[in-house]
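Here is my note on the model you sent. The points are numbered so that you can check each one against the display.

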Amino acid sequence: MASSTFILCFLAFSLLLGLVRLTRASKLEIEELSWLDDDKDEEINMVLGRHDSLRKCDFGSGKWVYDQTYPLYDAATCPYLSTRVTCRKNGRPDSDYEKWRWKPHGCNIPRFDALEFLGRMRRKRIMLVGDSIMRNQWESLVCLVESVVPTDRKTVTYAGPTMAFHALDFETSIEFCWAPLLVELKKGPGNRRILHLDLIEENAKYWRAADVLVFDSAHWWTHSDKWTSWDLLMEGKHVARDMNRMVAYQRGLRTWAKWIDLNLDPRQSRVIFRSMSPRHNRDNGWKCYKQREPLAYASHPHVPEEMMILKGVLKSMRFPVYLQDITAMSALRKDGHPSVYTQAGGDKVEKQHGTGHGSADCSHWCLPGVPDIWNEMLNAML
């Protein structure tokens, strides 16, 4: 009887010991798996999954809502705005264009919180790359954050084609890099401007170490013959005097996409491509002069060819680039442009020109204004 009891106790003890060992082993396995950061495929899948979740909310589909709590900053107190976008200072008599908020269908864009944004972007470089409209967006983003940074703890530096706002206590920089075509535009023999569709490194060297990259490129590809940005196009050793603009755009974007795929790591860098900012400078009812409120809807919704090309290039990439589609929402805001108020005394220009034809800027945006909403969307995406 005693021996039977001893055997049963021994078996129970062995079973209990085995369970303890199994539990310990499971914990060790879990801990070890949590440290296996070398599994690149898994990390990349996580990044892709994050981008998939973003796509479930269509930020680009919605309506403009009048909101008295806007704008998010005062143009008079932000020292980083260029003259051409300070529309009220330049004599624009109305201010409602500052008070419209974008409301997507089925989701919300959180109100921009400068301290929260800088906290998440601590020790990070944010770089916006593109043309003067991207500079427009950079000025907006800097004005959105600068008021919470003490005067002696912020500065702006310039280097080559870049300018950078530094929030020193956060070790954060918000930078702009001038590269309107992304690929390289160089001077050749006879001072001719040569656009190299297959060269990008001279521009890209400035982007390489950024944590967040936001790109745009469209307007300079579509300038009229009178204002074209190049004299010759070159790809390898082949030189062309002319080429279909959209073919050239696609080839330039493919060069950019190849560079991103080969040089950036999705575990370390976030890349966003902002779609084309719409212009309202046509004379068929879209002129921006004296416009005072957004359109309720687009009577003739149109997807620009540039957008179709961009989507095709992004789809072919291995690197997960998120498309920030601001084209349709901004197309409703023909009231948001500087028009004749691009310099001090814009009200006098208005009296002189009447309709403002020939002198109205219907491409860039007044600040505060539409680009602030792009940056609220960007903040939500990040």
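**Notes on the predicted model**

1. Strand S8 (residues 193–196) runs parallel to strand S10 (residues 232–235), and the two are joined over 3 bridges. Within this pair, His 196 stands opposite Met 234 in S10. Keep in mind that this is a predicted model.

2. The pair belongs to an open sheet of 4 strands, in the order S7-S8-S10-S11, with mixed pairing. Strand S7 (184–187) and strand S11 (238–240) are the edges, and each of them pairs on one side only. On average, neighbouring strands in this sheet are turned by 30° against each other, direction ignored.

3. Now the whole chain. The protein contains 10 helices and 13 strands. It has 382 residues, of which 48% count as buried. Among contacts with a separation of 6 or more, 79% are between residues 24 or more positions apart. The protein exposes about 20,000 Å², and 54% of that comes from carbon and sulfur atoms.

4. In soluble globular proteins, nonpolar side chains tend to be buried together. Here the largest nonpolar core has 51 residues, and Phe 59, Phe 117, Trp 138, Val 145, Phe 165, Ile 174 and Met 329 have the most contacts inside it. Several elements supply at least two residues each, including helix H3 (114–120), helix H4 (132–146), strand S5 (162–167), strand S6 (172–178) and helix H10 (370–381). The largest share, 8 residues, comes from H4.

5. Which residues does Val 145 touch, not counting residues up to four places away in sequence? They are Phe 112, Ala 114, Phe 117, Leu 118, Phe 165 and Ile 174. A second, separate core has 41 residues, with Leu 195, Ala 210, Trp 221 and Ala 248 among them.

6. How many disulfides are there? The count comes to 3. A disulfide is a covalent bond between the sulfur atoms of two cysteines. One of these joins Cys 78 to Cys 143, with an S to S distance of 2.0 Å. The torsion about its S-S bond is about -85°, so this disulfide is left-handed. Cys 78 lies in the loop between strand S1 (62–66) and S2, while Cys 143 is in helix H4, 65 residues apart. Cys 78 counts as buried because its relative accessibility is 6%, under the 20% cut-off.

7. Another disulfide joins Cys 87 to Cys 366, also with S to S 2.0 Å. This link is left-handed, with -95° about the S-S bond. Cys 87 is buried, with a relative accessible area of 0%, and Cys 366 counts as buried at 0% relative accessibility.

8. Cys 288 and Cys 362 also form a disulfide, with their sulfur atoms 2.1 Å apart. The torsion about the S-S bond is about -80°, so this disulfide is left-handed. Cys 288 sits in the loop between strand S12 (270–274) and helix H7 (305–315), and Cys 362 in the loop between H9 and H10, 74 residues apart. Is Cys 288 buried or exposed? Cys 288 is buried, because its relative accessible area is 3%, under the 20% cut-off.

Methods:
Residues numbered from 1 in each chain as written. Predicted model: local features only at pLDDT ≥ 70, side-chain atom pairs only at ≥ 80, totals over all residues. Heavy atoms only, no water. Buried < 20%, exposed > 50% of the residue type's maximum accessible area, 1.4 Å probe, protein only. Contact = heavy atoms within 4.5 Å. Areas by Shrake-Rupley, 256 points an atom, 1.4 Å probe, with all protein chains shown as cover. Pairing = 2+ DSSP bridges. Axes fitted to C-alpha atoms, helices over the stretch in contact; angles between N-to-C directions. Core = buried A, V, L, I, M, F, W, Y, C linked by side-chain atoms within 4.5 Å. Disulfide = S-S within 2.5 Å.
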